[in-house]
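Subject: A structure for you to look through

Dear colleague,

I am passing on a structure that I have been going through, and I would be glad if you kept it open while you read the rest of this message.

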Amino acid sequence: MARRPFPADLLLTGARIHTVDPALPEAEALAVHDGRIVWLGPDAEAADWAGPGTERIDAGGRLVLPGFIDAHNHVRLGSDDACVQLAGVRTLDGIHERILAWRQANPDAGWIEAEAFDYSAIPGGRMPEAADLDPVTGDVPALVLSYDVHTVWLNTAAMRRLGVSRDRTDLPFGTAATDPETGEPTGFVKDFAIKGLSREGHRALRELGVPWASPDRQYGRLAKSLDDAIGFGITTVVEPQNSLDDLELFERARAEGRLRSRIVAALFHPRGTGGADLAEFEAAARRFAGDRLRVGPLKLYIDDVVEPRTAALLEPYAGCGHHRGETFYPAEEFAELLAGLDARGFQCFVHATGDRGIRTVLDAVEHARAFNGPRDARHQVVHVECLDPADVARFAELGVVACMQPRHCAPEIAGPGQDWAENVGPDRWHKAWPMRSLHEAGAVLAFSSDWNVAEMDPMIGIYTAVTRRPLGGGEPWQPGETVDVATAVHGYTMGSAYANFLEQERGSLTVGKAADFVVLSRNIFEIPVESIPGTVAETVVVAGEAVHRVR
């Protein structure tokens, strides 16, 4: 065979490459030049691409996949080591123990901040109150974030510090719940994801002296999450909710060499966003249009979450009389809003968990297509937790992407006995995360972690998509909606690439595409499914450069 016109910069051999490209499903070797794949084929032909300066990676027979594209990963929000860690704590006593231990270790702290509390830890199925925190926090203000970061739990001292009162419940960072008899605020604050994580909400928290909202704490969370992402083989991260103020954090990370994964940053469009804001969004998209940091999609909410019964359902919540949640916009208003954004060329990521919320979004996309004419918009419904069967086929019909987080449907998180399943009720469990139904109906599945709501590791997401079993093993929940390993891998690669207009550049190992790939410690197509978690990204390559290795 004739020698190639130029030697490869990087040559991978001895691999079992699953390309996610039906034109060439498998290969043993690939060559990279100038950050792109220039050849795939058998080991026997690889030497023709070698030169004196070629870097070599011997995969040793290991599985190689395209770099994972996490289509919904809050790396900027992240997890904060300065907080009391409540993940996995399932009782109020357990929460008290964690807080008391933290206070002993941090006796001079001016604030007590905690993250990842589980709604099910509060007895009786109620929401938490300041009185539940006061005995272990005293006069030190305490702010506790729920595991989904959609709500905040305050003690009495924090309510005083933040100005929460019966006359001030509409807060810049959320909506304070009140006691139905006394009208006094309870200490539970809803709408934090919509208001507290907005530009104005974050500014208000900083001005009120909440340490968690400071720029340095924000950057620390981002930098740590970016390190975690590349360690898991996530070569592209879609950060789904940012304000214009947040973009400087990504620029800092790039300047300091922490931005090893590529970033797609969506801009948050809260209610009240106007024409001047949209012009700024468009300017930001023009400014940040590179292959390492791209800005452009818009993030909207139509409803909230099932656990505190704030998602919008078609029928009432189980045991809640007539209550079925609310949408943040009347259906007609949201349809006009989406049509206007669609007409300006924006792609929209719309948070929707309840079946009525999802239907409202699909109706709005249908209206936009009728009003503006069909276009390749690739609007996304994000989460798709409780989907009515009548709406399954509409995703493919309307070109809407189902951006889903498989880990959220694990039995120990959402199944029987957990708040999600109990609030929805057994008669609607068949609607829960219908991944197989959507896939078989032709919808594009874009898989993601929703870190830090759930674990970032794609291996955990793939395992759950394939089994719908608890992470430690056990009985599956709604196993009729599982998918196979190849479909799950596609959701984390080409599905997510397509969802973000990246399919010509990333998502498969194809000649001409970016050389983003991961060498795994196990072949997840051949090992028992229970061994998929724990599989490690041993080598991670972005644009032909090995940016992470397990030593």
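Below is what I found, going from the whole chain down to single residues.

Please keep in mind from the start that this is a predicted model.

**The whole chain**

The protein is built with 17 helices and 25 strands. Along its principal axes, the C-alpha trace spans about 85 × 55 × 50 Å. The radius of gyration is 24 Å, which agrees with the value near 24 Å that a compact globule of 551 residues would have. Of the 551 residues, 60% count as buried, and the accessible surface comes to about 20600 Å², of which 50% belongs to carbon and sulfur atoms. If you take the contacts between residues at least 6 apart in sequence, 71% of them join residues at least 24 apart.

Helix H1 covers residues 92–105, and its 14 residues reach 20 Å from the first C-alpha to the last, close to the 20 Å expected at 1.5 Å a residue. Which residues of H1 are buried? They are Leu92, Gly94, Ile95, His96, Ile99 and Trp102. The buried residues of H1 pack against strand E9 (84–85), strand E10 (112–117), helix H2 (130–137) and strand E12 (152–154).

Strand E23 has Phe517 and Val519 pointing one way and Val518 and Leu520 pointing the other way, yet all of these residues are buried. E23 pairs in the antiparallel sense with strand E7 (residues 63–66) over three bridges, and there valine 64 stands opposite valine 519. Strand E24 (residues 537–542) also runs antiparallel to E23, the two being joined by four bridges, and in this pairing valine 518 stands opposite valine 540.

**Salt bridges**

Side chains of opposite charge can pair when their charged atoms come close. How many salt bridges does the structure hold? There are 36 of them, and I describe some here.

Lysine 195 forms a salt bridge with aspartate 170, and the closest N and O atoms are 2.5 Å apart. This pair links distant parts of the chain, since lysine 195 belongs to helix H4 (residues 192–195) and aspartate 170 to strand E13 (residues 170–171), 25 residues apart. Aspartate 170 is exposed, with a relative accessible area of 61%.

A salt bridge also joins the side chains of arginine 260 and aspartate 227, at 3.1 Å from N to O. Arginine 260 lies in the loop between helix H7 (247–255) and strand E17 (262–268), while aspartate 227 is in helix H6 (residues 215–231), so the pair ties together parts that are 33 residues apart in sequence. Arginine 260 is partly exposed, with a relative accessible area of 24%, and aspartate 227 is likewise partly exposed, at 27%.

In a further salt bridge, arginine 271 meets glutamate 333, with the closest N and O atoms 2.6 Å apart. Here too the pair links distant parts of the chain, with arginine 271 in the loop between E17 and helix H8 (275–287) and glutamate 333 in helix H9 (residues 331–343), 62 residues apart. Glutamate 333 is partly exposed, with a relative accessible area of 34%.

Beyond these pairs, a network of salt bridges links Asp355, Arg359, Asp363, Glu366, Asp388, Asp391, Arg394 and Lys431.

**Backbone details in loops**

Where is the cis peptide bond that joins two named residues? It lies between tryptophan 451 and asparagine 452, with omega about 10°, and asparagine 452 is found in the loop between strand E22 (445–447) and helix H15 (458–467).

Glutamine 478 has a positive phi of about 55° although it is not a glycine. This residue sits in the loop between H15 and helix H16 (485–492), and at 23% relative accessibility it counts as partly exposed. Phenylalanine 501, also a residue other than glycine, has a positive phi near 60°. The place of phenylalanine 501 is in the loop between helix H17 (494–499) and strand E23 (517–520), and with a relative accessible area of 37% it is partly exposed.

Notes:
Residues are numbered from 1 along each chain as its sequence is written. This is a predicted model: local features need pLDDT of at least 70, side-chain atom pairs count only at pLDDT 80 or more; totals for chains, interfaces and linings use all residues. Side-chain values use heavy atoms; hydrogens and water are left out. Buried means under 20% relative accessible area, exposed over 50%, partly exposed in between (1.4 Å probe, protein chains only). Two strands pair if DSSP finds at least two bridges between them. A salt bridge is a side-chain nitrogen of Lys or Arg within 4 Å of a carboxyl oxygen of Asp or Glu. The radius of gyration is taken over C-alpha atoms; the globule rule is 2.2 Å times the number of residues to the power 0.38. Contact means heavy atoms within 4.5 Å. Accessible areas come from the Shrake-Rupley method with a 1.4 Å probe; for residues, only the protein chains shown count as cover. The expected span of a helix is 1.5 Å times one less than its number of residues.
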